Amino acid sequence: MATGQLFSRTTQALFYNYKQLPIQRMLDFDFLCGRETPSVAGIINPGSEGFQKLFFGQEEIAIPVHSTIEAACAAHLTADVFINFASFRSAAASSMAALKQPTIRVVAIIAEGVPESDTKQLIAYARSNNKVVIGPATVGGIQAGAFKIGDTAGTIDNIIQCKLYRPGSVGFVSKSGGMSNEMYNTIARVTDGIYEGIAIGGDVFPGSTLSDHILRFNNIPQVKMMVVLGELGGRDEYSLVEALKQGKVNKPVVAWVSGTCARLFKSEVQFGHAGAKSGGEMESAQAKNQALREAGAVVPTSYEAFEDAIKETFEKLVEEGKITPVKEVKPPQIPEDLNTAIKSGKVRAPTHIISTISDDRGEEPCYAGVPMSSIVEQGYGVGDVISLLWFKRSLPRYCTHFIEICIMLCADHGPCVSGAHNTIVTARAGKDLVSSLVSGLLTIGPRFGGAIDDAARYFKDAYDRGLTPYEFVESMKKKGIRVPGIGHRIKRGDNRDKRVELLQRFARTHFPSVKYMEYAVQVETYTLSKANNLVLNVDGAIGSLFLDLLAGSGMFTKPEIDEIVEIGYLNGLFVLARSIGLIGHTFDQKRLKQPLYRHPWEDVLYTK
Amino acid sequence: MARKKIREYDSKRLLKQHFNRLAGRDLPIKSAQITESTDFNELVEKEPWLSSQKLVVKPDMLFGKRGKSGLVGLNLDFAQVIAFVKERLGKEVEMGGCKGPVTTFIVEPFIPHNEEFYLNIVSERLGCSISFSECGGIEIEENWDKVKTIFVPTGTSFTSESCAPLVATLPLEFKGEIEEFIKSVFALFQDIDFTFLEMNPFTLVDGKPYPLDMRGELDDTATFKNFKKWGNIEFPMPFGRVMSATESYIHGLDEKTSASLKFTVLNPQGRIWTMVAGGGASVIYADTVGDLGFASELGNYAEYSGAPNEEEVLQYARVVIDCATANPDGRGRALVIGGGIANFTDVGATFNGIIRALKEKEAKLKAARMHIYVRRGGPNYQRGLAKMRALGEEIGIPIEVYGPEATMTGICQQAIQYITAAA
């Protein structure tokens, strides 16, 4: 155990297990104290490397992130404090690894619930290697105006209130981390403030003890008096009693041991801290207070009188001329974080994104205001989810059923179409699922799969303008545009597409009106008279029937329908459906372990 | 690290199971547990030795001095054991000032013996101390000067040299056997995270060590490492600690959350009730009421910490308020909602839960003539305190609210003043 100063204004730490808030609080404290270098030199985040952006005053700085303790220590030779924010499961192993690094002198362990046997190993190693362990189960400690561990001393307001940005004359040590902050406030009220404060943690065997730190404070010339807040349970306070009796401490010590209430409990009690367990008489607060008093410490009669005891002791030192007046400095203003300022209503900031279809902020995610539990409990299907997320409303069951049929019909169309072909080639090139899928999807457009939208647009325009099938087809011909949704490579007038028949039958049974579809059929009758392969294909059937769905369901206004057709909802339907098939083709090729595809020379016409 | 006492039955179960693994030998320990739910026929089927030999039965309730208190049945057959248990099961006994019902017994073979040895291992800060005596048994305290103790520092191995002072004076015929036994038990102590272990006495059966009476404590924070080794372990409450319905409700909440929620009723008729944030501060509030001379009026000890969420605080506060406002008697009462200056807990957020509970319980609070005293600091405290002040106006209950500018326990004095003036 070191016998004097642990920290200074140039102390730098390595921070294990990245936590944004405590690190930012340390850097804010640094800025407040006028430190030139940030107190966190590096961050260790097992498994990741790079940088973390944090604020140092108004500026942003990048703090290096290392994946191992060894690498961090090698990169930051002057960082001698290791602040361990690991969980109780891994805190012991990482702390031991840190203690074994020659550059590390002090390890602070925040986690509560580190096994006793593990902590004992750390204590033994630290003792024989002259290193210091603070914790486990602690908030850490602070040297005023110099260095602060993690969340110690709380908010910036509190640090300013307690004048922790500049050193005072009081050394403080407690078990409780929460109470340490309270005591910084109390001590600032009645003295010139803290020089250094340490919370050793609430465990049965803390890494360093109350007396370890008191003896250390005794060797620091700037510390003029010490304040100790102990707790019932354990015998730690008695090592302080011994030190006092042996005359090892020659500065005034004001002490209070909490837990006098334990005698009010009928059976043995475990209070909030693991070490605070009522039991034998020796370990009671009363006995410890008595022993400290007899050994020469100033011990009040209750916690209420603690503040006055500190005050009197300090004033006596002032009278004796032992306190050099502290030079007051005005700490710089720390820019407030935007989030904090917004929360307190001081500023407002415009949002950058707007979203209307879903909300993940509440107890459960909602699609268009419908909570996930209703979606599952009421037996909604994929069609219902699409209607919520695409159309922002619950459509009648026949509509969502129709959507599902469309998806099933368009899910795949064999390996030879351009989308599936691309996917197969990409999968065979050894690419991942997403690459294979999108390479197929990227072929969807005006020539492949894009016809549903166009069919709907043209049929709607023609029907709404009252064109006869003859006028419609001929006007298209004049413009040199093939009628989308009409024509098939194989199917003929006497051998219709089965899928079209299925859709039409469903719509005739369930839709209140099929006027667009009937119009499309009239168009088909006319085109068939021109050529036998100009049948209504599946794109045309879906396009026209979707118009009927939109118009006939009574759920959409006319401008809404125009917009839906305009911005390409129906193409979305095809993209969604065909993704199912393309994913299937990817898996199929991978399962079959197909090698890289190379197109045969014989199949290419090489020409000039 | 929190040390938890375990039942003798579990201590012996762990000893038997792991002695075999670590020392490569079997300890011929047999023991069975009897509770209210034990079916005696099933038990005999599982442990046939119960019906074939003479037995010992005693309460397994984390208290000692059972022999001296006449709570041990010796040299009984199984029918007599059943009669012994039935006569005492659920009956209240008083041990060391604590009263409570006996709910659990341990039954073992009756072992006539001559030697009674004492063995004790305690985990200490810098190592473990091991104590041994050849004059063990119920007279151990009278023979305390015969107990020899050695200290094994952390990280050093426990050798025959270090063990020598314990066993030096033993007769040669069993010295080696006992030395090996102590070494194995110590290895086991460390392997499965015991923090305390005592055998008083253990004896020799066919020249081999055999523990007759055993106490153990485990470090419950090592649970994650010993999940398999410990098996189905129980950490019973200290003897005499019987939880009321409200206390066990809070205990249940506490077990479910990563936060800490503690609640103990000290005096149901008390007129000062507390609900304090923080493990350190909560003790100090209870201390202060006592140190100011009003221990008899302190209704409870209550602590919440570790950033419980609003819902957890709400459920917790409801229970505290229900107990604090039970059976109004026309005299004034005080509720102290205290806390130090938090390091990182959002005071505004935790207060929301308390405020919701106070609103719900408005009528009860008024009927109990409750005055409320609040003191807290930390992140977002201004907002939390402002809401508390507004609440007082809204529901018409006197609420005094203080921040870090006031001393932490000043509101204890105020609460006392109110209940003495309103008496």
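Which strand does strand 3 of chain B pair with, and over how many bridges? Strand 3 (residues 55-59) of chain B pairs with strand 7 (residues 104-109) of chain B in the antiparallel sense, over 5 bridges. Here two strands count as paired if DSSP finds at least two bridges between them, and strands (E, at least two residues) and helices (H or I, at least four) are DSSP runs numbered from the N terminus. Within this pair, B:Pro59 stands opposite B:Phe105.

A word on the model: it is predicted, so local features need pLDDT of at least 70 and side-chain atom pairs count only at pLDDT 80 or more, while totals for chains, interfaces and linings use all residues. Residues are numbered from 1 along each chain as its sequence is written, chains are lettered from A and ligands numbered from 1 in the order in which they are written, and side-chain values use heavy atoms, leaving out hydrogens and water.

Now look at the whole sheet in chain B. Four strands form an open sheet in the order 2-7-3-4, with antiparallel pairing. Strand 2 (32-35) and strand 4 (73-76) of chain B are at the edges with a single partner strand each, so one side of each has no neighbour in the sheet.

Let us move to chain A. In helix 3 (residues 91-99) of chain A, 7 of the 9 residues are buried, so this helix is largely enclosed by the rest of the structure. Buried means under 20% relative accessible area (1.4 Å probe, protein chains only). Among the buried residues of helix 3 of chain A are A:Ala91, A:Met96 and A:Leu99.

How values were computed. Buried means under 20% relative accessible area, exposed over 50%, partly exposed in between (1.4 Å probe, protein chains only).
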